[in-house]
Amino acid sequence: MAATRLNRWLFVLLIVYIAGSCAVQLQDSAGGLVRWSGFSVLVPVTAAALLPMRRSLIIGLATLAASIVTYGFAIHGVSAGGRTVVITAVALSFALGLVVCRLRARRPNTPATVTRNRSCPPDPADSKPRSTPEAPHAVRVPPPGILPAALPQPAVVELAGHCRTGSGRLGMRAQWLDAIPLSGARVGLVAGAVTGPDAAASELRAAVRTLADVDLQPEELLAHLADVLARLRPDVRPSHDTQTAGTSTVRAQCLYAVYDPASCRCTIACAGSPAPAVITPDGTVTSLDLRQGPPLGQTDLPFEATEIDLPEGSTLLLYTHSDADAPDSGRDELLSALARPERCLDATCRSAVKALLHAPHTQVAVLAVRTHALDTRTVATWDLPADPAAVSYARSHIAEKLDAWGLTDAAPTTELIVSELVTNAIRHAQPPIQLRLIHHAGSLVCEVADGSSTSPHLRRARTFDENGRGLFIVAQLAERWGTRHSPHGKIIWAEHTHAPDQPTTTA
C-alpha cells in the first residue's frame with residue numbers, strides 16, 4: 001500500500017515538473033530569452049526505473065510531446081540545429097526508458113528440475129518466506145512447484161522431473177512431484193497439485209510420505225489423504241451428494257502409483273489428476289485408461305486402483321497441469337510430443353513440459369520414470385505347504401540360494417528370520433504361503449505372503465510365556481520389518497544388510 005501511494009505521488013510530481021518546465025520556458029521566450037531545461041532528459045529514464053510500465057510510458061510520451069510542441073512550434077527563436085538536438089536528446093531518453101521497462105518486466109522462466117545424475121538449484125520462489133498455519137489470515141503465494149533438492153534415486157527406476165510456469169498468472173496453486181522408496185525394492189511415485197486460497201502442497205506431500213511408509217494400497221492412501229486434507233482445512237467437507245460436492249475453496253489432486261520391479265507391475269490410484277502416459281520399449285505411446293476418482297475433499301466416495309504391466313525399459317509419465325476442471329486437457333498434444341524419440345529421459349520430460357505448456361496451461365509438472373526389473377539372479381520365490389515341516393525346507397532353500405549368490409556369511413541370520421516368519425504364517429495364518437527372497441542394493445529382503453488379512457503385532461513375551469518371541473527376534477535381527485496388505489492377504493517382510501564374503505587366506 002505504501003509503495004503504491006509513493007508511486008502515485010511520484011507520477012504526479014513528474015507531470016507537474018513537465019508542465020512547470022514548459023510554462024517557464026514559454027514565459028522566458030516571450031521576453032526574448034530561449035532556455036532549455038536539461039533535466040527533462042532524465043525524466044523518462046527516472047520514470048522507467050521507479051514507476052510501473054504504464055505510468056512510465058505516459059511520462060515518456062508526455063515529455064517527448066512537450067519537447068516537440070515547445071521547441072518545434074511554440075518557441076520561434078530556436079535555431080534548426082538547437083531544435084534538432086533537444087528533440088533528439090529527449091527521444092533517446094524515451095528509448096532508453098523503454099529498454100529499462102523491458103528489463104524490469106522480464107522474469108526468469110527457469111524450470112525447477114530434478115534428474116537422475118544431478119540436483120537442481122533451489123527455485124527462487126522457494127526461498128521466499130511463507131506464512132505458517134498459525135497465521136490463517138495471511139495470504140499465501142505458492143511457489144510454481146515443490147520438488148526436493150534431489151529426488152530419491154532407487155536403482156529400479158530412473159527419474160527426471162520438471163516443474164514450469166507459463167506466461168499466465170500463477171493463481172493460488174502449488175504442485176509437487178515425489179518418489180518414495182518402499183519395502184521389497186518397490187517405489188512410490190507421486191504427482192499432486194493444490195488449488196485454493198490456502199494451498200497446502202507441503203503438508204500433503206509430507207502426509208503422502210508418512211502414509212506410504214505404512215505400506216498402504218494406493219486407493220487406501222488417497223482415502224486417508226482426503227481425511228488429512230479435511231483436518232488441515234476445516235472448510236473441506238466431503239459429501240456423498242454429488243450436487244453439493246465441489247463447494248470447497250480448496251481443491252487437491254493427487255496420483256499415487258506403486259511400481260514393483262519383481263513383477264513389473266504398477267498399481268495406480270487417481271484423485272482428479274490426468275491419466276499417465278506410457279512409452280513402451282518399442283516406442284508405442286499410449287494414455288492409460290484409469291478409474292478416475294474425484295478430487296480430494298470434494299466427495300467421500302471410495303477410490304479405485306488400476307494395475308498395469310510395465311515391461312522393463314518402459315517410460316511412465318505422471319503429470320499435473322493448471323486446468324483442474326479438465327484433467328485430460330492437453331493429452332493429444334502430449335502424446336504427439338512423446339511419439340518423437342528423444343536421446344535421454346530428461347529430454348523426454350522437457351518435451352512433455354513444452355507440449356503441455358502449448359496446450360496451453362499456466363503451470364505444468366511432469367515426472368518421467370523409466371523402469372527396470374529384477375530377474376532370477378536377484379529374486380527367488382518358493383511356494384510352501386501349510387505344514388510345520390515346511391520350515392526346514394525354507395531354511396534349505398535359503399541356504400542354497402545364498403550360497404549361489406556368494407552370500408554364505410549372511411545365511412545364519414537370514415535362515416533365522418525366515419524360520420520365524422514362516423512359522424508364524426503356518427501357525428497363525430492360512431494358505432497359500434509363499435516365500436520370496438530379494439537381493440537388492442546390498443540388502444536382503446525376506447517376504448512371506450499368506451492368505452490371512454490379520455496383521456501381527458510385536459509384543460514383549462514374559463519369562464514363562466511359550467510364544468510371542470518370534471517377531472521380537474526378527475525385529476532384533478532385521479534393520480527394518482513390517483506388514484503390507486494385498487488383495488489376497490498380507491505380506492510380512494524383513495530387511496537386513498549383509499557383509500560381503502571375505503576370501504579365505506592360508507599361511
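Tutor: Start with residue classes. Ala, Val, Leu, Ile, Met, Phe, Trp, Tyr, Cys and Pro count as nonpolar; Asp, Glu, Lys and Arg count as charged; the others, Gly among them, are polar. This is a predicted model, where local features need pLDDT of at least 70, side-chain atom pairs count only at pLDDT 80 or more, and totals for chains, interfaces and linings use all residues. Residues are numbered from 1 along each chain as its sequence is written, and side-chain values use heavy atoms, without hydrogens and water.

Student: How many cavities of 30 Å³ or more are there?

Tutor: Rolling a probe the size of a water molecule over the atoms shows where empty space is left. A cavity is a set of points, on a 1 Å grid over the protein atoms alone, where a 1.4 Å probe fits but cannot get out; lining residues have an atom within 4 Å of a point. Points are joined across faces, edges and corners, and the volume is the space filled by probe spheres set on them. Here the count is two.

Student: What lines the second largest cavity?

Tutor: Pro44, Ala48, Ser56, Leu57, Gly60, Phe94, Gly97, Leu98 and Cys101. By class, six are nonpolar, three are polar and none is charged. Helices are DSSP runs (H or I, at least four residues), and strands are too (E, at least two), numbered from the N terminus. The largest share of this lining, four residues, comes from α4.

Student: In what order do the five strands of the open sheet run?

Tutor: Strands pair if DSSP finds at least two bridges between them. The order is β13-β14-β15-β17-β16, with antiparallel pairing. The edge strands are β13 (379-384) and β16 (480-486).

Notes. On a 1 Å grid over the protein atoms alone, a cavity is a set of points where a 1.4 Å probe fits but cannot get out, and a pocket is an open set with protein on both sides within 12 Å along at least five of seven lines; lining residues have an atom within 4 Å of a point.
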